[in-house]
Amino acid sequence: MKAQKQNLSQVFSEFAGALHSVNSGCVDKAYDDEERAELKRQLIALYDLTATWKNVRAWNWGFDDEAIHHAIQEKLPHYNAADTDGFSEQLYYFVLHQIPTYIQAGQHVLEVGCGSGAGLNFLSRCHQETKFTGLDLSKVSIDSANRRLSRPPGLKYIHGDAESLPFPDGQFDAVICVESAHNYPDFGRFLSEVCRVLKPGGYLSIADLYTCDRFELASSLIKSAKGMSLVVEADISPWVKKAVRKRMDPGSLFRRTSREAFRFPIGPLNERAQMLAYGAEFVGVEDDFILNTVKRLTTRKSKTRLVFDRYHHHLLCREG
Amino acid sequence: MTYKDQRVAEGVEDAVVPPEMLKRIAEIWAATLKVEQVRPEDSFFDLGGDSMMLMMVLSRVREEFNVELAQNSVFRSPSLQDFCLTIAEAKSADDDLDFDEGFL
């Protein structure tokens, strides 16, 4: 038990360090191969560890938009019932449906950074005739997604690296990437890999949280990406914040489930840790003594806390 | 306000006509109207289009994009850009319909 605890705290602090390195400073840091491999190892260790946690009811910061809510409800009337608030689902629906080509039978969509696979599973239920493939660097996540969610031939998950996609050229009609790109040490390489695996005229739709520095870098890389043209760059923070605020409400399902996952006093601590991981600072949660304590504890080592203060959507088209 | 309302209010929603669709429809117009090039802002009738040519265009659109457009939809929106938007809208309304039928 003690060894496990030590392992947990080491994994967390290495993760925080790697995330800090990737997201601070607005110049392309041009890590060498070894540095990139080490950063990825540190980041993936946390995702591997959390992949099997059963109490996860939110898989991204969420999106709250009435039009999207109704559009989903027409297809899946109970999508936000029981154990989910539906905001994670809405973000996925939004990202896919910003792509102006039509979700047609037989189209093949790739998600880079699919994590637990829940988002793609949801989209696959909305579009049963579309083929979806999820890719993630966390082998544990992929194994678990394949075991619990994969549904051949329409939905499968593959282990691999966003910066070196294990697919032949021109295989996909569309690529989506939801809250994953902030983990990539070499964002430019990811863009050129996506461009390679897209069919001409295919689309890349990315939603992610950014620090000020990282946004400057990502936005300029997107605008100068070879073979791809930017169709939309949009600040979607109002709709993300709406969802985050609802989750941060003391009576929310999000807070209740993360609190009840563990016995006192771990429960309330986990609740605050989850709040910090899912955008508490983005919406500026009112003074909460336990939250501030958890925040202090988790920033002690890296000293400066990363500020993810913007949330953007990008749509790119692969030139024909 | 929903995301879509916001984009429409900003007047940027037009930007989201798929480039490859714009290109393909421009080719269809050019072939039918016997002109070399069609720009997004060009009007079908200014380029010499008549109702016979319009029927030919609509039939090609039906074949390639699997969408049924009424003749008068072009009278309401005679530019190439607007014509593409009309197809896009009809197409997405159509997709929702297909899905519901599959579901019931």
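Student: How many salt bridges does the structure hold over all chains?

Tutor: Over all chains, this predicted model holds 25 salt bridges. Side chains of opposite charge can pair when their charged atoms come close.

Student: What does Arg255(A) pair with?

Tutor: The side chain of Arg255(A) meets that of Glu271(A) in a salt bridge, at 2.7 Å from N to O. Arg255(A) belongs to helix α10 (residues 253-260) of chain A, while Glu271(A) belongs to helix α11 (residues 266-277) of chain A, so the pair ties together parts that are 16 residues apart in sequence.

Student: And is Arg255(A) buried or exposed?

Tutor: Arg255(A) counts as buried, because its relative accessibility is 8% and the cut-off for buried is under 20%.

Student: Switching to chain B, which helix holds Glu27(B) and Arg24(B)?

Tutor: Both residues lie in helix α2 (residues 19-33) of chain B, where they are three residues apart, about one turn of the helix.

Student: What about Asp42(B), what does it form a salt bridge with?

Tutor: Asp42(B) forms a salt bridge with Arg39(B), and the closest N and O atoms of that pair are 3.1 Å apart. Asp42(B) is buried, with a relative accessible area of 11%, whereas Arg39(B) is partly exposed, with a relative accessible area of 47%.

Student: Which residues do salt bridges with shared partners join into one network?

Tutor: That network is in chain A, where salt bridges that share partners join Asp33(A), Arg36(A), Lys40(A), Asp161(A) and Glu163(A).

Student: New topic: where is Ser144(A) found?

Tutor: Ser144(A) sits in helix α6 of chain A, which covers residues 139-148.

Student: Which residues does Ser144(A) touch, leaving out those up to four places away in sequence?

Tutor: With those sequence neighbours left out, Ser144(A) touches Ala51(A) and Leu149(A).

Student: Why does Ser144(A) count as buried?

Tutor: Ser144(A) counts as buried because its relative accessible area is 10%, and buried means under 20%.

Terms used
Residues are numbered from 1 along each chain as its sequence is written. Chains are lettered from A and ligands numbered from 1 in the order in which they are written. This is a predicted model: local features need pLDDT of at least 70, side-chain atom pairs count only at pLDDT 80 or more; totals for chains, interfaces and linings use all residues. Side-chain values use heavy atoms; hydrogens and water are left out. Helices (H or I, at least four residues) and strands (E, at least two) are DSSP runs, numbered from the N terminus. Buried means under 20% relative accessible area, exposed over 50%, partly exposed in between (1.4 Å probe, protein chains only). Contact means heavy atoms within 4.5 Å. A salt bridge is a side-chain nitrogen of Lys or Arg within 4 Å of a carboxyl oxygen of Asp or Glu.
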